[in-house]
Amino acid sequence: MKFSNILAPEGLKKQLINSVKNNRLAHSQMFLGEKSSPKLLLALAYAQFISCQHKSSDDSCGSCQSCVKYQKLTHPDLHLIFPVLPLNKSSSSNVSDNFVKEWRECVLKNPFLDLDVWFDVFSSENRKGKTGYIYAQESDNLRKKLSLKHYESQLRVVLIWLPEKMQVKTSNKLLKLLEEPPQKTIFLLVSENTDLILNTILSRLQITKVHNYNPSEIEALLRDKFPMKHISEIKATISLTEGNLGGAIKILHNESFEDRHFEEYQNWMRLCYSVNIEEITKWVDIRSKKGRRSQTIFLKYALKMTRNCLVFHFSETKNLFVTQKEIDFLTKFHPFIHQDNITEISEKLEECIKNIERNANSKIMFYELSLQLMKLLKVKRKFVEIN
Ligand SMILES: [Zn+2]
């Protein structure tokens, strides 16, 4: 990644570039920023610039051997460390090296990824009830690697994505490495939140704060990345993900997202209204096997459609972010959601979104939710009589 391809303040880029040009490279650094900020991109551009063989005064060349490898994240002197989910009990297998191919692909596709986007790579079976960490084994592995010779560059880079997910043992071992840094090695930590990082580690880092994008920058970035998508779809995705850029990119990569969710929602509502228990059981079975993120997005979509029903009752619909298919469905469906059941329906959906975050049993949850909806959709609207 070249600096020129990143939307970030020029002053910040200059500061990073100058530290390399003036030979004032701190060996332990942190790029700190919220979820949707370009912290990972800047750290990668910085590492690429350091190692570029034909750098200009303000950027890497993008075409030398080193840049080509950096752009694919495959440079042998770039060591990547990130949280993983344990696949089996053997601690030696729970290290980044075993997942590096998947992580590279995920980052190249979505450099604003967060932990949820990354863990979606793992199967739902592997995600079940697990949090994921940078395990202690990782620091032993790294120590071994750093005792070997450099491959191609003068400097090697250890990039640690989300160091806040280090286990205590990992942190203590990393601290030792930072206290006695191996020669010609730079540590770049890319973090969302320093609260869980040892103060003794933080005090050894030079911290670069990276600001989050504002809503219009997020929209511009997404329009640039997805020129084929209609602006209404981009805006709807931003609102659905509440401005989480990584989440929005993931959804937009998924071609017919709105359609898929629309059809599933339409079908679910029909089953609930017709109290078709047999089909609902089958639907719950399929729905609960999809990943946590997919479940949250689907429920948020259902919440959005529920609120849209109310808009259909009371106000102009032309400003809604909806597709023609959704309008056709809402025109017929909106009378079933009204002032006497909307609060309860919305609350149930919101409660389920929270429960998913708490790792609730999704099969039971979707089943109960469907039963509640069957009941609530039958609530008749009370008309207020005016004389
Ligand atoms: Zn280069």
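**View 1. The site of the zinc ion is tetrahedral, with angles of 104 to 120° among its four donor atoms.** Four donors count as tetrahedral if all angles lie between 85 and 135 degrees; four count as square planar and six as octahedral if opposite donors are over 155 degrees apart and all others between 65 and 115, and anything else is irregular. The model is predicted: local features need pLDDT of at least 70 and side-chain atom pairs count only at pLDDT 80 or more, while totals for chains, interfaces and linings use all residues. Residues are numbered from 1 along each chain as its sequence is written, and side-chain values use heavy atoms, with hydrogens and water left out. The protein supplies the SG atoms of C52, C61, C64 and C67 as donors, at 2.3 to 2.4 Å from the zinc ion. Donors are N, O and S atoms within 2.8 Å of the metal (3.2 Å for Na, K and Ca); water is not among the atoms, so sites may look incomplete. Along the chain, the spacing of these donors is C-x8-C-x2-C-x2-C. C64 counts as buried because its relative accessibility is 5%, and C67 counts as buried at 0%. Here buried means under 20% relative accessible area, exposed over 50%, and partly exposed in between (1.4 Å probe, protein chains only).

**View 2. Five strands form an open sheet in the order β2-β3-β4-β1-β5, with parallel pairing.** Strands (E, at least two residues) and helices (H or I, at least four) are DSSP runs, numbered from the N terminus; two strands pair if DSSP finds at least two bridges between them. At the edges are β2 (78-81) and β5 (206-209), each of which pairs on one side only. From one strand to the next, the twist averages 20°. Four bridges link β2 in the parallel sense to strand β3 (residues 156-161), where L159 is the bridge partner of L80.

**View 3. Strand β4 has both of its faces covered.** On one side T185, F187, L189 and S191 are all buried, as are I186, L188 and V190 on the other. In a regular strand the side chains alternate between the two faces of the sheet. Seven of the seven residues of β4 are buried, so this strand is largely enclosed by the rest of the structure. Six bridges pair β3 with β4 in the parallel sense, and I160 stands opposite L189 of β4. The parallel strands β1 and β4 are joined by five bridges; Q29 has L188 in β4 as its bridge partner.

**View 4. Helix α8 (residues 168-179) packs on the sheet.** The helix touches β1 (28-32), β3 and β4 (185-191), and its direction makes about 140° with that of β4. Contact means heavy atoms within 4.5 Å; axes are lines fitted to C-alpha atoms, for helices over the stretch in contact, and angles run from 0 to 180 degrees between N-to-C directions. S171 belongs to helix α8 and is buried, with a relative accessible area of 7%. Leaving aside residues up to four places away in sequence, S171 touches M166, L198 and I201.

**View 5. Helix α7 (residues 136-146) has buried residues A136, E138, S139, N141, L142 and L146.** The elements against which the buried residues of α7 pack are β2, β3, α8 and β4.

View 6. For K184, a residue other than glycine, phi is near 50°. K184 lies in the loop between α8 and β4 and is exposed, with a relative accessible area of 53%. Phi of E242, likewise a residue other than glycine, is near 50°. E242 occupies the loop between α11 (231-240) and α12 (245-253), where its relative accessible area of 64% makes it exposed.

**View 7. C352 is in no disulfide.** The structure holds zero disulfides, a disulfide being a pair of cysteine sulfur atoms within 2.5 Å. For C352, the nearest cysteine sulfur is that of C272, 12 Å away. C352 is buried, with a relative accessible area of 7%.
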